[in-house]
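Subject: Structure handover

Hello,

Here is the structure for you to take over. Please open it first, then read the notes below it.

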Amino acid sequence: WDVEDYPIPKDFEPRLIFKNIKSALSKMGFGGSFVGIEAYGEDEIPEALDEELIEDGMIMYNPKGSVNLMIEDITNIECNYSDKPHNLMVISKKIPEDNESMRVLSALRSRGRNVLLVQPDDEAASEKLFLTPESISDCTRYLNGEKPIDEIVDYTSSCTSWETDTDYYTDTEEESNVLLVQPHDDVASEKLFHTSSSVSDYTRLLDGGKPMDQSVSSQEKITFSDDLVDEYRKAKIYFLPGGDKNARFYRMIHDILLWEIDTLPLRYSTESNVIVISNNIPSDIDFIECLKCSASRGYNNLLVQPNEAAPEKPETSE
């Protein structure tokens, strides 16, 4: 929940905010056993209000919370609860306007999550948000713009950013990923099915990512020829344009976390490793926090960071 976009209603009890969000989710068919809410704002709030939000409304407030922090927290939560089906509600004006944020949310949807966006139609609806369950459910949509069907009970839990996170699951429900097999040309199409690699080399998730076993390079602009890019792809190295340095860092963080959702060590018997090749990572707090969370989930994190150029070979005379 971005409290800068949708402020806490004046003189409104936090417990009623929590109650109305949970009721709205239930009304839309997402009535789970647990609802957790993460709120993000630019400034610190009074300690008394912070305690009230936590104790009465079960709302965790995160100061200095940017869009990037919200998306990073969302993907971290998805990693921690990846074995449990749940729902995600996002209450923010900025995230639907941010291409990278929407890419990540679309990637989560392709991995079986119910992703909901709360988007009031006008200022009047924004001012009334949270006052009743209907004020929330009436302006909630899926990523494709469709409205969730009312009065259908879904016994998974929810987490809101404003986020809704789930803690209840059944053993019979499994996550699913949608994969597209798309050979690049007629020659590749004719060779499809000849070997296992002839299928896997052209298989992508809906967000364009390669499932598992991949090396990803993010850069501002891809300057290599198509032939050279294809050679790298054959070596399972994929170049992704990521904008400026800051944008590339966040794209790398998001892709690492999305990859972890697909490859959690709990699901596989072999070790999983994350190798990051970049300058200035130790000075980036968000990236270091991402790697710490990754390590806590059992991944081996390796940082490759040449600090100096290789020394020139001394000239020799015969």
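What follows is a short tour, from the whole chain down to single residues.

Please keep in mind that this is a predicted model.

The whole chain

The protein chain has 318 residues, and 42% of them count as buried. It holds 11 helices and 13 strands. Take the contacts with a separation of 6 or more: residues 24 or more positions apart account for 69% of them. The chain exposes about 17700 Å². Carbon and sulfur atoms supply 50% of that area.

Salt bridges

Side chains of opposite charge can pair when their charged atoms come close. The count here comes to 10 salt bridges.

Start with arginine 103. Its side chain meets that of glutamate 100 in a salt bridge, at 2.9 Å from N to O. Both residues lie in helix 4, which runs over residues 99–110. They are 3 residues apart, about one turn of the helix.

Arginine 103 also forms a salt bridge with aspartate 255, again N to O at 2.9 Å. Aspartate 255 sits in helix 10 (residues 245–262) and arginine 103 in helix 4, so this pair ties together parts that are 152 residues apart in sequence. Are the two partners buried or exposed? Both arginine 103 and aspartate 255 are buried. For arginine 103 the relative accessibility is 16%, and the cut-off for buried is under 20%, so the residue counts as buried.

These residues belong to a network. Glu100, Arg103, Arg251 and Asp255 are linked by salt bridges.

Next, look at arginine 111. It pairs with aspartate 262 in a salt bridge of 2.9 Å, N to O. This pair links distant parts of the chain, 151 residues apart. Arginine 111 is in the loop between helix 4 and strand 4 (114–118), while aspartate 262 is in helix 10. Both ends are buried: arginine 111 has a relative accessibility of 4%, and aspartate 262 has 10%.

Serine 126

Serine 126 is found in helix 5, residues 123–128. Its relative accessibility is 15%, so it counts as buried. Which residues does serine 126 contact, leaving aside its neighbours within four places in sequence? They are Tyr6 and Pro120. Tyrosine 6 is 120 residues away from serine 126 in sequence, yet the C-alpha to C-alpha distance is 6.9 Å.

Surface patches

One is nonpolar. Ile275, Ile277, Leu302 and Val304 make it, and its area is about 380 Å². Strand 12 (273–277) and strand 13 (300–304) are the elements that give two or more residues to this patch. Isoleucine 277 has its place in strand 12. Its relative accessible area is 62%, and exposed means over 50%, so isoleucine 277 counts as exposed.

The other patch carries negative charge. Glu4, Glu42, Asp43 and Glu44 gather there. Aspartate 43 is in the loop between strand 1 (35–41) and helix 2 (47–57).

Where to look

Then turn to the nonpolar patch around Ile275, Ile277, Leu302 and Val304.

Best wishes

Conventions: Residues are numbered from 1 along each chain as its sequence is written. This is a predicted model: local features need pLDDT of at least 70, side-chain atom pairs count only at pLDDT 80 or more; totals for chains, interfaces and linings use all residues. Side-chain values use heavy atoms; hydrogens and water are left out. Patches are made of residues with over 30% relative accessible area and no salt bridge: like charges are joined within 9 Å, nonpolar side chains (Val, Leu, Ile, Met, Phe, Trp, Tyr) within 5 Å. Accessible areas come from the Shrake-Rupley method with a 1.4 Å probe; for residues, only the protein chains shown count as cover. A salt bridge is a side-chain nitrogen of Lys or Arg within 4 Å of a carboxyl oxygen of Asp or Glu. Lys and Arg count as positive and Asp and Glu as negative; His and the chain ends are not counted. The place of a charge is taken as NZ of Lys, CZ of Arg, CG of Asp or CD of Glu. Helices (H or I, at least four residues) and strands (E, at least two) are DSSP runs, numbered from the N terminus. Buried means under 20% relative accessible area, exposed over 50%, partly exposed in between (1.4 Å probe, protein chains only). Contact means heavy atoms within 4.5 Å.
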